[in-house]
Amino acid sequence: MNKVNEDLLRERSKCTFNIEELTHFLDGGIEVTLERKRREQAVLSKREELFCGVPDEYLSHKEKYENSIRKGTILFKILRQIYNMENSNLSDYRNVLNGVLGASISQDGSPFGLHYIMFMPVLISQADEEQKKKWVDRALNCQIIGTYAQTELGHGTFIRGLETTATYDLETQEFILHSPTLTSYKWWPGGLGQTANYCIVVAQLYTKGKCRGIHPFIVQVRDEETHEPLPGIKVGEIGTKMGLNSVNNGYLGFDHVRIPRTNMLMKHAKVLEDGTYIKSKNNKLIYGTMVFVRVIIVFDSVNYLSKAVTIATRFSAVRRQSQLKEGEPELQILDYVTQQEMIFTAIAGCFAMKFNARRLWDTFNGINTQLHEGNFERLGELHALACCLKAVSTADAARFTERCRLACGGHGYMHSSNLPLTYALTTASCTYEGDNTVLLLQTARFLLKVWREIDTVPVTPTIAYLKTVSSPGFQDKWENSIKGIVRGFQIVSMKKISSCVEIMTNKIMSGMSQEDAWNTTSIQLVSAAESHCRAIVLSTFHEDLSKMSSTVSAPLAEVLQQLLELYTVYWALEKYGDLLLYTSISKTDIEYLRRWLVTLLGKIRPNAVGLVDGFDIIDEMLDSTLGAYDGRVYERLMAQAQKSPLNADTVNKSFHKYLKPFMKGKL
Ligand SMILES: CCCCCCCC/C=C\CCCCCCCCCC(=O)SCCNC(=O)CCNC(=O)[C@H](O)C(C)(C)COP(=O)(O)OP(=O)(O)OC[C@H]1O[C@@H](n2cnc3c(N)ncnc32)[C@H](O)[C@@H]1OP(=O)(O)O
Ligand SMILES: Cc1cc2nc3c(=O)[nH]c(=O)nc-3n(C[C@H](O)[C@H](O)[C@H](O)COP(=O)(O)OP(=O)(O)OC[C@H]3O[C@@H](n4cnc5c(N)ncnc54)[C@H](O)[C@@H]3O)c2cc1C
């Protein structure tokens, strides 16, 4: 190993808790850590093949794609060897996904991502048993590579408005897939451009002359041998994007393409040979994979932010800039309190979201079991919870990643810091799998319904607090404690929801349509849904940490408690306007919270590097000149600069061709 930077060595020696213990805690147990490390070692055994050549940012679009395919096949091979999936269900499948995401060394996404992230989960959850037998093993072994083609040029959010049609032909017992307009072309699916040979296509089903709404179909788009597009298929790549440029997002059009009847995924709704349509027990079950992926995205947000904050923390320990006191050495920038606020709140955010991702996963599994038993009672609650947690976790990951980038000054702007790409990934997640505003509106829709029925219908766990804080005997007395702040957030949420109901009711009473009342109240609705989510995030972090703190050593429990306090106080200060409006908090309380925040930053300071070391992100995944474990920031920046193709020649040919003639006045 390289000699480690002196400042980082000193930081590590100050750490008050056992870093390995934290790693095991975050992974969910020592066995999970060992399994993760085994996977990482398998990937690292191919180090030479995976990490060779010119950095990706210097490659052309085409070269980048080809390189990501090369790397992807190496990774796929490893994954194939590691995973042997015998039970095809989503709970087991998350382990595979963890492996895929965890093993992802592809910094700018991968053209194979959608195969794992959506194609496989749709097959597992929407195919019937016969179809699973036919497709799941082939997909898992990558004999076929798939993607999820739902979004079209004209529609992404409003999926009931999709235009691609799948019309049942009774004569041949086939579906005819067709793209009737330009706007009906599929647009965005990852890996669709040049990689996938199969797709899940979401299309409007027509049988017996009637439209039955959108349904998923498995469609072959390329020949399995030649990889040429099949007749009637128009497929290509959509072009460069802000980030995720290795993902090979594609477009797809159909000109009366025929597929067998059995290619409609028939776990929920069915079309019989004679064209009879059998409805799903619940027409939202077809949206189930989106819910699953939103849950996975919450975990993924934690991964991205953990990377960003590891980079920013280690860099800030190594970087020295300015003197606080005349004559004294320049300070590590991690000692500036403004820097601490930017970085430590992001560290705390990783923990808060990790606890919430785990709770959401348990809720998902619990409700999914009920769904399998035909009980759909809590489907709406799960949808509302997944929507708001996806929205808030991705928005926070993007915002805090950008703060981490800014916290690294000019060097954070370098591609080689890996902060720009990490930001591009996190901000993409605010849009994909449902635009965040739209998802918050879905949560608001659920909350308003709940609020209208709160006195008559039993409340489920995630909304039980609404009843508590609105009950007649409830005392709204502000308390400067974690419990008090969580209560405060619950009151804010309840009052915003009740206010939305009141505003909408008044509008409707004065003659406005329900839809216009909704649209003109939507700013408040989004804000209410966000507050509800913040209340959940804070209370889950608080409750689950309280349950777990006796399972860890006292020094670790102490720092975890500090992170909980920091996260809670930070958000109270971020939202003090809401608290002033809706709770009994006073100006003096806010001043108290400000002091509490600064005290917490000071307490966390000695453990900052230890905390991010505890995330245990290997250098190959971090891929950052600023964040490597050894902290040799300046050597790495200079070494990386030497890889710029422009440095291959001492004089670039453009000097003789343009610059010199121009400077001599001859151009
Ligand atoms: C070697 C391998 C290496 C691999 C390396 C991997 C590396 C990885 C690297 C990078 C990762 C990159 C990751 C990229 C991943 C990208 C994945 C993204 C894929 C996609 O984006 S797919 C497309 C997703 N699309 C959407 O999410 C669309 C959003 N729209 C909707 O969800 C819905 O249309 C809507 C919810 C907005 C509205 O639906 P609609 O039918 O119109 O419903 P409404 O009328 O509004 O409501 C009716 C009623 O239904 C309720 N409801 C809506 N949805 C659901 C649901 N899902 N479940 C339950 N109930 C639902 C709604 O609340 C209403 O209820 P009510 O009537 O009020 O009771
Ligand atoms: C990197 C990336 C990868 C993707 N991968 C895939 C993929 O593999 N497969 C796939 O099928 N799709 C994929 N998508 C598409 C993605 O799911 C959609 O872009 C997303 O669901 C948003 O839909 P839209 O683009 O139609 O946005 P729009 O709905 O057009 O949103 C534009 C604006 O309109 C607002 N808006 C829209 N409807 C409403 C409403 N009802 N109320 C209030 N405001 C509204 C939104 O809030 C937003 O501000 C991907 C997208 C990205 C960026």
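Modeller: Let's start with α7 and α9, which pack at an angle of about 130° with their axes 9 Å apart. Helices here are DSSP runs of H or I of at least four residues, strands are runs of E of at least two, and both are numbered from the N terminus. Axes are lines fitted to C-alpha atoms, for helices over the stretch in contact, and angles run from 0 to 180 degrees between N-to-C directions. α7 and α9 are therefore oblique to each other (under 35 degrees is roughly parallel, over 145 roughly antiparallel, 65 to 115 roughly perpendicular, the rest oblique).

Before going on: this is a predicted model, where local features need pLDDT of at least 70 and side-chain atom pairs count only at pLDDT 80 or more, while totals for chains, interfaces and linings use all residues. Residues are numbered from 1 along each chain as its sequence is written, and chains are lettered from A and ligands numbered from 1 in the order in which they are written.

From α7, Ile117, Met118, Pro121, Val122, Ser125 and Gln126 meet Gly288, Thr289, Phe292 and Val293 of α9, contact being C-beta atoms, placed from the backbone, within 7 Å. That contact has six nonpolar residues, four polar and no charged (Ala, Val, Leu, Ile, Met, Phe, Trp, Tyr, Cys and Pro are nonpolar, Asp, Glu, Lys and Arg charged, the others, Gly among them, polar).

Now for the ligands. Ligand 1 has 38 residues around it, with Leu75, Tyr287, His383, Tyr432 and Gly434 coming nearest (a residue is near if its C-beta atom, placed from the backbone, lies within 6 Å). By class, the shell around ligand 1 has 19 nonpolar, 15 polar and four charged residues.

α13 also supplies at least two residues to the shell around ligand 2, and so does β1 (146-149). Of the 23 residues surrounding ligand 2, the closest are Gln150, Thr151, Gly156, Thr157 and Thr437. The classes there are ten nonpolar, eleven polar and two charged.

Here's another crossing to set beside ours: α2 (residues 19-27) and α21 (residues 608-615), whose axes come within 8 Å and cross at roughly 45°. α2 and α21 are therefore oblique to each other, and their crossing is right-handed. Ile19, Leu22, Thr23 and Leu26 of α2 meet Gly610, Asp613, Gly614 and Phe615 of α21, making four nonpolar, three polar and one charged residues.

One last pair: α17 (residues 522-548) and α18 (residues 554-574) pack at about 165°, axes 11 Å apart, and that makes α17 roughly antiparallel to α18. α17 passes α18 in a left-handed crossing. Arg534, Leu538, Phe541, His542 and Leu545 of α17 make the contact with Leu560, Leu564, Tyr567, Thr568 and Trp571 of α18: seven nonpolar, two polar and one charged.

Notes
Left-handed = near helix turned anticlockwise from the far one by under 90°. Contact = placed C-beta atoms within 7 Å.
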